[in-house]
Amino acid sequence: MQSEFLFEIAQKSKQKGIHTCLDTTGFAPEKTIQKISEIIDCFLFDIKLIDNDLHKKYTGVSVDGILKNLKWIDQNHKNIILRFPVIPGITNTKKNISELKSFIQTLKNIHQIDLLPFHTISKSKYKRFNKEYKMGDTPALSDDDLLLLKSEFEELNMKVSIGG
């Protein structure tokens, strides 16, 4: 939404020798991603759902352009750390994890994924601001579940961390 500002600040940072890292969902026009990637050193790229219908249901947008941008960044040998929000019953389904792993295997330059566990920290903030907390009583994942998921992604021969 603020790509011109982002480009300008990243460019000035690079001129000062500052390492640039962009935390992104990848939801941007392809031209914007290509332009900014010229000066970004590292991308923290969120990937939630591979199924387009589910992605639209939970995020409101199609995943197609996001995956296309991720593939472009990967093909152009940019440093990428994938970030996978692990949300019980939504992103941590067997189907989604299988599809995600299959997709990751098509990429050539991904060597790290951060598993971002769902937590309920924001629940009280929603209540305080009289906002609907749509996650209801969704529990946080257990440490055992996270460690199991970590080992599953490690089968892809990549660095996997919990948190990030």
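Modeller: Let's start with a cut-off: a residue counts as buried when its relative accessible area is under 20%. Keep in mind, too, that this is a predicted model. Now take Asp 114, which has a relative accessibility of 5% and therefore counts as buried.

Asp 114 sits in strand 4, which covers residues 110-117. Its side chain has two polar partners to look at. One is the side chain of Gln 112, at 3.0 Å. The other is the side chain of Ser 161, with a polar contact of 2.5 Å. If you set aside the neighbours within four places in sequence, Asp 114 is in contact with Ile 81, Leu 82, Arg 83, Phe 84, Ser 161, Gly 163 and Gly 164.

Several of those names lead us to strand 3, residues 79-86. Seven of its eight residues are buried, so strand 3 is largely enclosed by the rest of the structure. Strand 3 runs parallel to strand 4, and six bridges join the two. As one example of how they line up, Pro 85 stands opposite Leu 116 in strand 4. To get from strand 3 to strand 4, the chain passes through helix 5, and this β-α-β crossover is right-handed.

On to Leu 82, one of the contacts of Asp 114. Leaving out neighbours within four places in sequence, Leu 82 is in contact with Phe 45, Ile 47, Leu 70, Ile 104, Ile 110, Gln 112, Ile 113 and Asp 114. Leu 82 also belongs to the largest nonpolar core, a set of 35 residues in which Leu 82, Phe 84, Ile 113 and Phe 153 touch the most other members.

One more step takes us to strand 1. Strand 1 and strand 2 (residues 42-46) run parallel and are joined by four bridges, with Cys 21 partnered by Cys 42 in strand 2. Helix 2 (residues 30-37) carries the chain from strand 1 to strand 2, again in a right-handed β-α-β crossover.

Now let's zoom out. The chain has seven helices and five strands, and along the sequence they follow the pattern α-β-α-β-α-α-β-α-β-α-α-β. The radius of gyration is 17 Å, close to the 15 Å that the globule rule gives for 164 residues, so the chain is as compact as a globular protein of that length. Its C-alpha trace spans about 45 × 40 × 30 Å along the principal axes. Asp 114 is among the buried residues, and over the chain's 164 residues, 38% count as buried. As for contacts with a separation of 6 or more, 64% are between residues 24 or more positions apart.

How values were computed. Residues numbered from 1 in each chain as written. Predicted model: local features only at pLDDT ≥ 70, side-chain atom pairs only at ≥ 80, totals over all residues. Heavy atoms only, no water. Buried < 20%, exposed > 50% of the residue type's maximum accessible area, 1.4 Å probe, protein only. Polar contact = N/O pair within 3.5 Å; in protein donor to acceptor, adjacent residues only side chain to side chain. Contact = heavy atoms within 4.5 Å. Pairing = 2+ DSSP bridges. Right-handed = clockwise from strand over helix to strand, strands pointing away. Core = buried A, V, L, I, M, F, W, Y, C linked by side-chain atoms within 4.5 Å. Rg over C-alpha atoms; globule rule 2.2 N^0.38 Å.
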